[in-house]
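This report goes through one protein model in short sections. Look at the sequence and the structure first, then read on.

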Amino acid sequence: MKSTSRYFILIAFMLSGFFVSTAQETPSDFLSSEFHKGRREALRAELPANSVAVFFANPVRNRANDVDYIYHQDPNLYYLTGYREPHAVLLIFKEDQQGEDGTYNEIFFIQERNAMQEMWAGRRLGTEGVKDKLAIMNTFNGSAFKDYNIDFEKFDKVLFYDFENDVRDDRRNTADLFSLIEQFKTKVGYGMNTSTLGAEPKKNNIDLESLDEMMSKLRGIKTEEELDLIRKAVFISTVGQVEVMKAMKPGMSETEIQGIHEYVFKKYGSEYEGYPSIVGAGNNGCILHYIENHKPNIESKEMILMDLGAEYHGYTADVTRTIPVDGEFSPEEKAIYDLVYKAQEEAIQRCKPGTSFREISTLAKDIINEGLVELGIIANVNERHLYYPHGLSHHIGLDVHDKGMYGDMEENMVITVEPGIYIPEGAKCDKKWWGIAVRIEDDILITKDGFELLSSFAPRTTEEIEKMMKKKSPLDSFELPKLKGSK
C-alpha cells in the first residue's frame, strides 16, 4: 500500500472516531474522581439553604494570530471536577432537584466532541468521557445550556464569581464560554435590575461575595491526596535548585539557568511552571517579579536569586534560593544572607496550629530591621525603607498564591515562609551593599503539633550551599556548538 493511501485511511479513522491509542494517555497519579466528588460534597455542605453555586471554566487566551496560550483551567472548577478543558459551566445545588429523569444535585455543561477540532487541538472527553473518567453523571453538551429549564428565581441564593468581561466571543460557536456566560446572565437577570425614576429597584437573589470565602476555607486545608501532589511538586522544585547549584558557573546566562530548572521539572513529568520563573543575577534580583531572565553573562562576583516552582498535576510549589555565582559568599553577601536566614528560621519555628500569620510576619520584619541597623544600612528599627517590601507568607496549592484564610494557622495548611532583603544600586547606604538581593523561600506544611519543612532537600545555609556548589554536575561536559547567524 502506498504511504499516501495509508495517510488518508488514518485520517478517515480519526475523523470517524475509530482511532484509539493503546498507550497510557495520562499519568496514574492525577487526583481521583472520588476526590473531586468529595470536594463538591464539601462545598454543598457549606452552601446556604435553597441555593445553587455556579462555576465557569477559564477562557482561552490568544497569544498571537491563530496561536493560543497553553490552556489552564480555573482552579475552582478543576478542584471540583478534574475537568481540564475550556467552555464549561458547573452548577452545584444545595438540595436535590427534581427533573424529568429523576433527582439530581449537580449539572455539568461541557464542550462537545468534534473530530476535526480534536485532530488539530487534542482529544476531548465529551459527555461520555466525563461520565466515565470524572464520574459526573448529569453531564450535557454546552449547547444544551441555553434551553435547559432551570428556574433560578426559586432559589434564595445564586452564588457565583463576578465576571471580568474579558472573554472573547467565538461567533462560530454558540456554546463557547462567551455564550454560556451571556445565557447565564439572561437566566439569572444579571445586570438587568436598573431602576427607573421613582421605581424601587427589583430585588434579586444574586450573591457575588459568599462563594469566595467558602472556597478559601475548603482549598486552604489540604487533603491527603492534595498533599501527595504538593510534596512531589516541592521535591521536583528543590531538585532543580540543587542541580543548578552544582552546574553554576560564571559566564552562564539567566536564561540558561532557568532552562536547567525547567528541564528538571519536565524530567519528573511536571506539566508546567506554577508561575513565570524568576532568575535574577546581581541587581536584577532586586526586582521582585523579574521574569525577563535575559542577562547573557552573569559575573563571578554576583549572587543569583532563583524563585521557581514546578506545577505537578495542577499543584504548584514555590521555592527560592539565592546563591553566589562563583560558589563562595563574600562577607557582605553572607551578612545579608545570614540575616534573612535568621528571620526565616525563627518564623518557621513558630509555625503551628493557632499561630497567626500576623505573628510570624511581625517577627521576621523585626529581626530584619534590627539586623539592618546592626549592619549600618538603616539608622533605626522604625525607619521606613524598601529593603524588605513584601509579605512573609501565603498559601500554595492549585495557585501559587492559593486560596486560604489568613487568621490563625490550621493543620494541613501549606504555606510559604519567604523573607528577603533587596539593596538596589543607588540605595542610601554604603556602596558595598549595592546589588545584593537575597530571598529564601520554603514550603511549610502545618501539622497537628507543629510544621514539616517540605523543601528541605535544597540547601538553605551558606555553608550547605557552598558545599553543594563544589559538587560535580552532569552538565559539566555538556557543550553545544556555537550559535551561528548570518555571515
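Is isoleucine 92 buried or exposed?

## Isoleucine 92

Isoleucine 92 is buried, because its relative accessible area is 0%. Buried means under 20% relative accessible area, exposed means over 50%, and partly exposed lies in between, with a 1.4 Å probe and protein chains only. The residue sits in strand E4, residues 89-99. Helices (H or I, at least four residues) and strands (E, at least two) are DSSP runs, numbered from the N terminus.

Leaving aside residues up to four places away in sequence, isoleucine 92 touches several others, among them Arg40, Leu43, Leu47, Phe55 and Asn105. Contact means heavy atoms within 4.5 Å. Isoleucine 92 and leucine 134 are 42 residues apart in sequence, and their C-alpha atoms are 15 Å apart in space.

## The model and its confidence

This is a predicted model, in which local features need pLDDT of at least 70, side-chain atom pairs count only at pLDDT 80 or more, and totals for chains, interfaces and linings use all residues. Residues are numbered from 1 along each chain as its sequence is written, and side-chain values use heavy atoms, with hydrogens and water left out.

The pLDDT is the predictor's confidence in each residue, from 0 to 100. The protein chain averages 92, and 93% of the residues score at least 70. Over residues 5-23 the pLDDT stays under 50, and the model has 13 contacts beyond four places in sequence for this stretch.

The axes of helix H2 (residues 33-46) and helix H7 (residues 210-220) come within 10 Å and cross at roughly 130°. H2 is therefore oblique to H7. Axes are lines fitted to C-alpha atoms, for helices over the stretch in contact, and angles run from 0 to 180 degrees between N-to-C directions. Angles under 35 degrees count as roughly parallel, over 145 as roughly antiparallel, 65 to 115 as roughly perpendicular and the rest as oblique.

Where the helices meet, H2 supplies Arg39, Ala42, Leu43 and Glu46, and H7 supplies Leu211, Met214, Met215 and Leu218.

## Strands

Strands E15, E18 and E19 form an open sheet in the order E15-E18-E19, with antiparallel pairing. Two strands pair if DSSP finds at least two bridges between them. Strand E18 (residues 442-446) is joined to E19 by three bridges, and isoleucine 446 has phenylalanine 451 in E19 as its bridge partner.

Strand E16 (residues 420-423) pairs with strand E17 (residues 436-439) in the antiparallel sense over four bridges. Both faces of E16 are covered: Gly420 and Tyr422 on one side and Ile421 and Ile423 on the other are all buried.
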